[in-house]
Number of protein chains: 2
Amino acid sequence: MDKDSGVGVIDKSVAILDAVATSPASLADLVDRTGITRPTAHRLAQALETHGLVGRDTLGRFTLGPRIAAWSADGGDPLQARAAAVVVELRDATGVSAQVYRRVGDQRLCVAAAEPAAGLRDTVPVGALLTLKAGSAAQVLTAWLPPRERSTALRGAAFTASDLDQVRARGWAHSVGQREPGVASVSLPVWSDGDVVAAVSVSGPLERLTRVPASIRRALKDAAEHLAG
Amino acid sequence: MDKDSGVGVIDKSVAILDAVATSPASLADLVDRTGITRPTAHRLAQALETHGLVGRDTLGRFTLGPRIAAWSADGGDPLQARAAAVVVELRDATGVSAQVYRRVGDQRLCVAAAEPAAGLRDTVPVGALLTLKAGSAAQVLTAWLPPRERSTALRGAAFTASDLDQVRARGWAHSVGQREPGVASVSLPVWSDGDVVAAVSVSGPLERLTRVPASIRRALKDAAEHLAG
DNA sequence: TATTGATGTCTCAAATAATGAGATGTCAAG
DNA sequence: CTTGACATCTCATTATTTGAGACATCAATA
C-alpha cells in the first residue's frame, strides 16, 4: 500500500497512476479507487494527462499514458524484462499464481504477476506496493540484509529472526495466512552479484500450498535462475 | 518541452522524472537539469523515491524507479514493444538517427530512439515531449487529423496546409532546419485501424538529408510496416 | 593540518498553491 | 420529458509547498 511521502500532491498523483495502471478508469472509478474527491481527482488526472503520464481510451476512460512506457523502454532493466515471461512459465508449471517482487524502501513492489485463468487464486496487481512485514516474499527480501538493516526490518514483522535463520539455511520461505487470510505462499531469492535483488513467489489457497512439494520448489528454483540471467 | 499543467508539484515532479530518465543524476544534476531549487528538488525526489518512481544507484544518484517499469510491463503496448528494435534496424540501415513519435495532447512524445555511435548526429531523448509545430514528424502526425483539429494544429506551425496536402499525397514528410538549425529529417506515418498512431523518423545533419534518397524512404517504409504489426 | 567549496539534508516562517463545495453542462435511462 | 449520474469548471477558503538559510559531510587544495 502507498505511504505518505510528505508531499500530498505526489501521494494523490501516484494513487491515480496506480488506479489506472490496474485497468482503465472513468472519473467515477478513479474517485472510488483512490478516495480522492472528484474535482481534485479530475484536476490531477488532467495535469498528469498534460504530461503524458495518463492517457484516455476510446471510451474516455483514464489509462496509463505512453510516457511511462517510453521512459521505461529506454535503458531497460534486464530483470524486469525477463520477469513477465518467467511468471507465466511458473504459473503454468505450478497451477497457482506467480509473482516477482523487489524491495523499494521498506516495502516490496510487484514487478510481474501471472495468475491461473480460473478457480480460487491470489491476485496481486503489477505495480502494487506491499508490506515487507508479512509474507514469504518479505522474508526472502529481508533474510539476507546486513544485520542492522535486518533488525530494523523485523520490527513489527509477522516473522522472527529465527524464521529468517531458517530461510537462509534452506534457501526459501513459506508463509501461511501472513499477508492475507487463507493464502499461503512460497518464495525464493533471486541473486545477482552476491545480493538478493528480487524474490520470486507462488501464492494461492492454503489448501494448495500448506505443504511445499519438491515440484513447486524445483519450479521456483528454475524461475529464480532464469531471472538471474 | 514540458508544459504547465496547472498543478505545480506535478510539473516539477515530471521534470525530475524526465531528468533521471535521461541518465542518473546527483542532486546537483537535478537542480541543473530542472531549474528547481535545491531543497525543493530534494524533497520532491525523496517523495517520488518513497513511491518507487525514483530510485538511487550505488553512487547515490537518482535514477528512474522500478515502479515505472512495473506499471508499463503490465498490459504492454505492442507498438512501444516493437519500437526499440525497429529504430535500431532503421539507424543501421540509414546511418543516421532514428526515432518513433506519438501524439500526446498538442505535443509529440519520443517513444524510441537510436543514434549512430560516432559522428555528427541528432539526439532526441526517449520520453521527451517535443513540439507539434515544427519538424517532419509533426507534419506526419498532423496531416491526417480531422480538418478542424488539423486547422487548430496549424496555428503557429512552421508548415502550412499546403505542405500537409503534399505530405498526404506522397505519404511522407521532409523538413530542413525546422525544429533545430542544421538538422533535416524525414518521417512516415504508422497506420493502425485507419488511423495514424505514430510517426517513424530519421534525422541528422542536413548535408546527409537535404535530398531524400529512395533507399532512406524504403527503409522508413519497412520500419513503418514493422511498427504497424 | 587547516581551510574552502561543493554537496546533501533538514527546518520553518512566509508565500503560494491546492482543495473541494457547489454550480453547470451533457447524456443515457426510465 | 424528467431524473440521476457523470464530467468539468470556478473560486473562497484552507492547507500545503516553497526556498533561504543552517547544518553536516567530504574531497580538494594550499
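Strand β3 (residues 97–104) of chain B runs antiparallel to strand β8 (residues 195–205) of chain B, and five bridges join the two. Pairing is assigned where DSSP finds at least two bridges between two strands.

The model is predicted: local features need pLDDT of at least 70 and side-chain atom pairs count only at pLDDT 80 or more, while totals for chains, interfaces and linings use all residues. Residues are numbered from 1 along each chain as its sequence is written, and chains are lettered from A and ligands numbered from 1 in the order in which they are written. The predictor's confidence in each residue, pLDDT, runs from 0 to 100; its mean over chain A is 90, and 99% of the residues of chain A reach 70 or more. The model scores ipTM 0.85 and pTM 0.85.

The strands β3 and β8 of chain B belong to an open sheet of six strands with antiparallel pairing, in the order β5-β4-β3-β8-β7-β6. Its edges are β5 (129–131) and β6 (173–176) of chain B, each of which pairs on one side only. From one strand to the next the twist averages 35°; axes are lines fitted to C-alpha atoms, for helices over the stretch in contact, and angles between N-to-C directions run from 0 to 180 degrees.

Chain A also has an open, antiparallel sheet of six strands, ordered β5-β4-β3-β8-β7-β6. Here the edge strands are β5 (129–131) and β6 (173–176) of chain A. In this sheet, β3(A) and β4(A) pair in the antiparallel sense over seven bridges, and A:R102 has A:L109 of β4(A) as its bridge partner.

Helix α4 (residues 66–73) of chain A lies across β3 and β4 (107–114) of chain B, at about 20° to β4(B). In turn, helix α4 (residues 66–73) of chain B lies across β3 and β4 of chain A, at about 20° to β4(A). Counting residues as in contact if their C-beta atoms, placed from the backbone, lie within 7 Å, the interface takes 42 residues from chain A and 42 residues from chain B. On the chain A side, α4(A) provides the largest share, eight residues. By class, that side has 25 nonpolar, 10 polar and seven charged residues. Ala, Val, Leu, Ile, Met, Phe, Trp, Tyr, Cys and Pro count as nonpolar, Asp, Glu, Lys and Arg as charged, and the others, Gly among them, as polar.

Superposed by least squares on the C-alpha atoms of residues with pLDDT of at least 70 in both copies, chain A can be laid on chain B with an RMSD of 0.0 Å by a turn of 180° and a shift of 0.0 Å along the axis. This is the relation of a two-fold axis. Because 100% of the interface residues of chain A are also interface residues in chain B, the copies meet through the same surface.

Both chains also approach DNA strand C. It is surrounded by 17 residues, the closest being A:P39, B:G8, B:S26, B:L27 and B:P39; a residue is near a strand if its C-beta atom, placed from the backbone, lies within 6 Å of it. With four residues, α3(A) gives the most to this surface. The surface near DNA strand C has eight nonpolar, six polar and three charged residues.

Terms used:
Two residues are in contact if their C-beta atoms, placed from the backbone, lie within 7 Å.
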